[in-house]
Amino acid sequence: MSIELAPEQARSFAPEVSHFPLGSRVFLTHLTGKPEAMQVEAALRIREKGYIAVPHLGARNFKTEKDFVDLVAAHSRNGITEALFLGGNPALFPGPMSESAQLLAHPVLRDSTIRTAFVAGYPEGHPNIGDADLADALRRKLEICDDRSIDARVVSQFAFDGAAMGAWARGLHEQYPGLPVHVGLAGVTSLAKLVKFAMMCGVGPSIAALKRSASGLFNVIADRNPADVIEAMSTSYPQPVGPLHLHFFPFGGWEKTLAWYSEHRGARRLRPGD
């Protein structure tokens, strides 16, 4: 299990060990307009608290190649060993680097402490990239990692169609045996917030299913948890043939999501790290 935070949340992040074991992964966002020094400080803080910090490195956010080199160097000085490499939209962000493959292939990584690279996955496809191009891009990124002896993992955007997510994870495991797949889930929050963030993140195909499952005023205003998504995913892919993990986007707050999952895990008799 892993969770995603904004860098400014790192200072107050202090979950109960029974909810979020030490050694778990904490992803840290990299957003346009936010000081990169804030992410560097947050990653170090998360590491010192006993978790694995996984900073996002978004190609779209680097105005120069030196900005990328400097950020990797700063994380390396702090002993950060993992990162999520993201691309960008060249039409909107015409920087010197526009896709994650360029970051992964950059020579600065050879001398860095980063030895595990996460790359993005899209269970429902991408609104601006065709399926064939997505598959080719993933293949290239995995090859780059293999050539550079970097451990590769895939972490997905969140979605609400558990059956489709299970089928997507199964497909990756069949094509790339042993590849760790981390499936993105929206944490506990209201339907209104879920729809808002889904629209912002381009998660379109399963929004209709989400709305259909929340008929009635109470269901619209009440907090929703991803139990139904997890159940549908488990039914679709009951016996994973490769490493399969859950990754939470806690739009309603990390406390609420981790407390809910601890109860859910207990009811299903899962281990704390599952």
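How many residues has helix H2, and what distance does it reach from its first C-alpha to its last? Helix H2 (residues 65-77) has 13 residues and reaches 19 Å between these two atoms, close to the 18 Å expected at 1.5 Å a residue. The expected span is defined as 1.5 Å times one less than the number of residues in the helix. The model is predicted, so local features need pLDDT of at least 70 and side-chain atom pairs count only at pLDDT 80 or more, while totals for chains, interfaces and linings use all residues. Residues are numbered from 1 along each chain as its sequence is written, and side-chain values use heavy atoms, with hydrogens and water left out.

The protein contains 10 helices and 10 strands. Of the 274 residues, 49% count as buried, where buried means under 20% relative accessible area, exposed means over 50%, and partly exposed lies in between (1.4 Å probe, protein chains only). Among contacts (heavy atoms within 4.5 Å) with a separation of 6 or more, 78% come from residues 24 or more positions apart.

Eight strands close into a barrel with parallel pairing, in the order S1-S2-S3-S4-S5-S6-S7-S10. Neighbouring strands of this sheet are turned by 30° against each other on average, direction ignored. Axes are lines fitted to C-alpha atoms, for helices over the stretch in contact, and angles run from 0 to 180 degrees between N-to-C directions. Two strands count as paired if DSSP finds at least two bridges between them.

Strand S1 (residues 2-5) is joined to S2 by four bridges and runs parallel to it. Within this pair, Ser-2 has Arg-25 as its bridge partner in S2. Strand S2 (residues 25-28) is covered on both faces, with Arg-25 and Phe-27 buried on one side and Val-26 and Leu-28 buried on the other. In a regular strand the side chains alternate between the two faces of the sheet. S2 is also joined to strand S3 (residues 52-58), again by four bridges and in parallel. In this pair, the bridge partner of Phe-27 is Val-54 in S3. From S2 the chain passes through helix H1 (residues 36-48) to S3, forming a right-handed β-α-β crossover. Right-handed here means that, with the strands pointing away from the viewer, the path from the first strand over the helix to the second runs clockwise.

Helix H1 lies across S2 and S3 and runs at about 160° to S3. Ala-43 is found in H1, and this residue counts as buried because its relative accessibility is 0%. With residues up to four places away in sequence not counted, Ala-43 touches Leu-28, Ala-53, His-75 and Ile-80. Ala-43 and Val-54 are 11 residues apart in sequence, and their C-alpha atoms are 7.3 Å apart in space.

In helix H2, the buried residues are Phe-68, Leu-71, Val-72, Ala-74, His-75 and Ser-76. Their cover includes H1, S3, strand S4 (82-86) and helix H3 (100-104). Just after H2, Gly-79 takes a positive phi of about 75°.

The bridge partner of Ala-120 in S6 is Val-155. Strand S6 (residues 151-158) is mostly covered, with six of its eight residues buried. S5, helix H4 (residues 131-147) and S6 form a right-handed β-α-β unit. S6 pairs with S7 over three bridges, also in the parallel sense, and Val-155 stands opposite His-182 in S7. The chain crosses from S6 to S7 through helix H5 (residues 162-175), and this β-α-β crossover is right-handed. Strand S7 (residues 181-186) is joined in turn to strand S10 (residues 244-249) by six parallel bridges, where Gly-184 has His-247 as its partner in S10.

Arg-265 is found in helix H10 (residues 254-268). This residue counts as buried because its relative accessibility is 4%. A polar atom of the Arg-265 side chain lies 2.6 Å from the backbone oxygen of Ser-18.

Notes: Polar contact = N/O pair within 3.5 Å; in protein donor to acceptor, adjacent residues only side chain to side chain.
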